[in-house]
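Please keep the sequence and the model at hand while going through them.

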Amino acid sequence: MRASLKTEFTLAASLLVLAIAAVLSALWARNLTQTLVRQTHERAQLVAQQVFDQARLALHSSPERPRSTEPEEMRRYLRAVFENDAGMQAALTSSVDYWKALDEIAICDSAGVVLASNLPEKVGRVEPRRTEFRDIAEAGWLTQARAIYQRGTFFQVTYPLTLNRQPFGEIRVGLSGTFLNSQLIPQLRTTLGWALVAVLAATLVSSVGSRLALAPLARISQQLDRMSRGEFQTLRLDRTDELGQVSSQIDRLGQELSTYRTGYRSLKDNVDQIMTGLQEGLM
């Protein structure tokens, strides 16, 4: 069964608004994700740079010097310097307390042994590397979305650590994918909510608009129905557009048919009178 013209018009308008809302929502979600990833990466790099500067300051201001260049001795020396430096400890904890996306800041040597961290229980342990957030920041939008929207993921931003101008380890700034996810989801839900409101509003407006736009067609249909019943005096639309012109033509056609019907009846009456006269003459 074919849908009415009004239903088709309303459905077409709703689908058009839905398509536009979907495209705009997707573009907005892409821009939001890319912006969040870029800002997070830049901010994590800044934190790593600040920790590096504080570590260098702590080493320069420490009166203690390593007894040898053996890895174990260097670990002991660096751990002691970082643990005893108040500025270093503040740098490790303040950023984590202030920015909830950070879950750990650690200084590790080349073997992955933690020399300093905002989590003291990890000092001296070998910590595995996380997914490098730089790879996420340089990836496409879909890769970024899969990485962030998946709960339970963790990343890291690294900054190389040198000692006596030689690579010794790195500073690791750990990022929580769950927190990044929690920043995006509410905004995406709000966007989808507004998109749904736009579609519902478009459906309502198109329904009312189609009713108003197609109302003249209903009047024209009534004109034709009256003519089919022999009621040639129809009420035309008081409009000057195309629909008004059609209604006027139908009205003129009704007037012409009414004239023809009157003439036909007059002719029939005359013929009936002649036939009656002839029959009387013959009798």
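1. Terms and basis. Helices (H or I, at least four residues) and strands (E, at least two) are DSSP runs, numbered from the N terminus. This is a predicted model, in which local features need pLDDT of at least 70 and side-chain atom pairs count only at pLDDT 80 or more, while totals for chains, interfaces and linings use all residues. Residues are numbered from 1 along each chain as its sequence is written, and side-chain values use heavy atoms, with hydrogens and water left out.

2. Overall composition. The chain contains 7 helices and 5 strands. Read from the N terminus, the order of elements is α-α-α-β-β-β-α-α-β-β-α-α. Of its 283 residues, 36% count as buried; buried means under 20% relative accessible area, exposed means over 50%, and partly exposed lies in between (1.4 Å probe, protein chains only). A contact requires heavy atoms within 4.5 Å. Among contacts with a separation of 6 or more, 62% come from residues 24 or more positions apart.

3. The sheet. The 5 strands form an open sheet with mixed pairing, in the order S2-S1-S5-S4-S3; two strands pair if DSSP finds at least two bridges between them. Strand S2 (114–117) and strand S3 (131–132) stand at the edges with a single partner strand each, so one side of each has no neighbour in the sheet. Helix H3 (residues 86–98) packs on the sheet, where it touches S1 and S2, and its direction makes about 150° with that of S1. Such axes are lines fitted to C-alpha atoms, for helices over the stretch in contact, and the angles run from 0 to 180 degrees between N-to-C directions.

4. Strand pairing. Strand S5 (residues 166–176) is mostly covered, with 9 of its 11 residues buried. Strand S1 (residues 102–109) pairs with S5 in the antiparallel sense over 7 bridges, and Glu 104 has Gly 174 of S5 as its bridge partner. S4 and S5 also run antiparallel, joined by 10 bridges; here Tyr 159 is partnered by Ile 171 in S5. S3 and S4, in contrast, run parallel and are joined by 2 bridges. Glu 132 stands opposite Gln 156 in S4.

5. The nonpolar core. Which residues have the most contacts inside the largest nonpolar core? They are Val 51, Phe 82, Met 88, Leu 102, Ile 107, Phe 133 and Leu 175, in a core of 43 residues. Helix H1 (residues 5–61) supplies the largest share of this core, 12 residues. A nonpolar core is a set of buried Ala, Val, Leu, Ile, Met, Phe, Trp, Tyr and Cys residues joined through side-chain atoms within 4.5 Å.

6. Aromatic pairs. The whole structure holds 2 aromatic pairs. Rings of Phe, Tyr and Trp (its six-membered ring) pair if their centres lie within 6.5 Å; planes under 30 degrees apart count as stacked, over 60 as edge-to-face and the rest as tilted. The pair of Phe 52 and Tyr 159 is tilted, because the ring centres are 5.1 Å apart and the planes stand at 45°. Phe 52 lies in helix H1 and Tyr 159 in strand S4 (residues 154–163), so the pair ties together parts 107 residues apart in sequence. Phe 52 is buried at a relative accessible area of 12%, whereas Tyr 159 is partly exposed at 24%. Phe 133 and Phe 155 form an edge-to-face pair, 5.4 Å centre to centre with 65° between the planes. This pair links helix H4 (residues 133–137), which holds Phe 133, to strand S4, which holds Phe 155, 22 residues apart. Both Phe 133 and Phe 155 are buried.

7. His 41 and Phe 133. His 41 lies in helix H1 and counts as buried, at 12% relative accessibility. Leaving aside neighbours within four places in sequence, His 41 is in contact with Phe 133, Arg 134, Ala 137 and Val 157.

8. Leu 36. Leu 36 is also found in helix H1, and its 14% relative accessibility makes it buried. Beyond its neighbours within four places in sequence, Leu 36 is in contact with Leu 180, Gln 183 and Leu 184. The C-alpha atoms of Leu 36 and Gln 183 are separated by 8.9 Å, although the two residues are 147 residues apart along the chain.
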